Amino acid sequence: MSKANLLYVEDDESLSFVTRDNLELSDFAVTHCPDGPAALELIQGANFDFDLCLLDVMLPGIDGFELARCIREKNQDVPILFLTAKSLKEDRLQGLRLGADDYITKPFSIEELILKIEVFLRRNRVRPATPAFDPRRIGDYLFEIDKLQLQHKTEPARRLTRREAELLQYLSTRRDQVSERGDILEKIWGENDYFLGRSLDVFISRLRKYLKEDPRIKIENIHGVGFSLTVGEG
C-alpha cells in the first residue's frame, strides 16, 4: 500500500521539524508549508492530491481558517485537522463550520496526533474518492449550496438558511449511507448535545418538507443511529 500523503502547514520551525520527522518515521509522506501563502499556492495548484491536511490556525499571511475554506472549495472529503494553541469554543466551532474534522490543541503528543491521523484516514478510505453522482442534483432538485438555494424543476427556487444548506449537503454527499446523529451534530452544530439533537430533528422535518415534490427522495430515520438520504429509481 502506498504511503498516505499529508499536507502539513506550520510556521514554527522547531515544531514542524520534529513533527514532520516523526510523521515520516511513521511511514507518512509529508509536504510541509511554512506559511499561509505557500500553502494556498499549493492548494490552488493542479496537483493538489492529499489524503489529509494538518493546518496550524495562526499562520503568517493567511490563517488556517482561510486555508480550510479554500481546501473545502476544492475537495469536500479530504480530512482537515487543526493544530492550534487556541482552546476557545468559538474558534473550535468556526473551524468545524468551515469543514474541519477535528482539533488538536498544542502542546500535543506525537502519539495522539498519529492516532488521530490514522483514524481519519481509515474513515475516509471507506468512502468513494469521488461520488458516482452530481452532489448538486438530488432527484428532481438542483441544490446550490453557494447560493443557499434549492429548486425543484417545476417550482420557484427556495432560499435555505445556512444550517439547512449545510445539513442537506452533509446528507446528500453521503447519500445511501447512514450518517450518525452524533457525527451530524459535531459537524454542523459543533457539539453533540441532547437539546441540539431535538433541533436536528426539526431541521430534518423541514428538509423532508422541502423535498416532498419528488417522492423518490427519502430521509430515513435509522432508530437510535442517525439518518440516511436516498434517491430511488424512477
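Reply: Two strands pair if DSSP finds at least two bridges between them, and helices (H or I, at least four residues) and strands (E, at least two) are DSSP runs, numbered from the N terminus. With that in hand, three strands form an open antiparallel sheet in the order E10-E12-E11. This is a predicted model, in which local features need pLDDT of at least 70, side-chain atom pairs count only at pLDDT 80 or more, and totals for chains, interfaces and linings use all residues. Residues are numbered from 1 along each chain as its sequence is written, and side-chain values use heavy atoms, with hydrogens and water left out.

Me: How do you know that E10 pairs with E12?

Reply: Two bridges join E10 to E12 (residues 226-231), and the two run antiparallel; the definition asks for at least two bridges, so they pair. Ser-179 stands opposite Phe-227 in E12.

Me: What makes E10 and E11 edge strands?

Reply: Strand E10 (179-180) and strand E11 (217-222) each have a single partner strand, so one side of each is left without a neighbour in the sheet.

Me: Why is H6 called largely enclosed?

Reply: Buried means under 20% relative accessible area (exposed is over 50%, partly exposed in between, with a 1.4 Å probe and protein chains only). Nine of the 12 residues of H6 are buried, so the rest of the structure largely encloses this helix. Among them are Glu-164, Leu-167 and Tyr-170.

Me: How do you know that the length of H6 agrees with what a helix should span?

Reply: The expected span is 1.5 Å times one less than the number of residues. For the 12 residues of H6 that gives 16 Å, and the end C-alpha atoms are 16 Å apart, so the two agree.

Me: Why are H2 and H3 called roughly parallel?

Reply: Axes are lines fitted to C-alpha atoms, for helices over the stretch in contact, and angles run from 0 to 180 degrees between N-to-C directions. Helix H2 (residues 36-43) and helix H3 (residues 64-74) pack at about 0°, with axes 10 Å apart. Angles under 35 degrees count as roughly parallel, over 145 as roughly antiparallel, 65 to 115 as roughly perpendicular and the rest as oblique, so H2 is roughly parallel to H3.

Me: Which residues of H2 and H3 meet?

Reply: Contact means heavy atoms within 4.5 Å. Gly-36, Ala-39, Leu-40 and Ile-43 in H2 meet Leu-67, Cys-70, Ile-71 and Lys-74 in H3.
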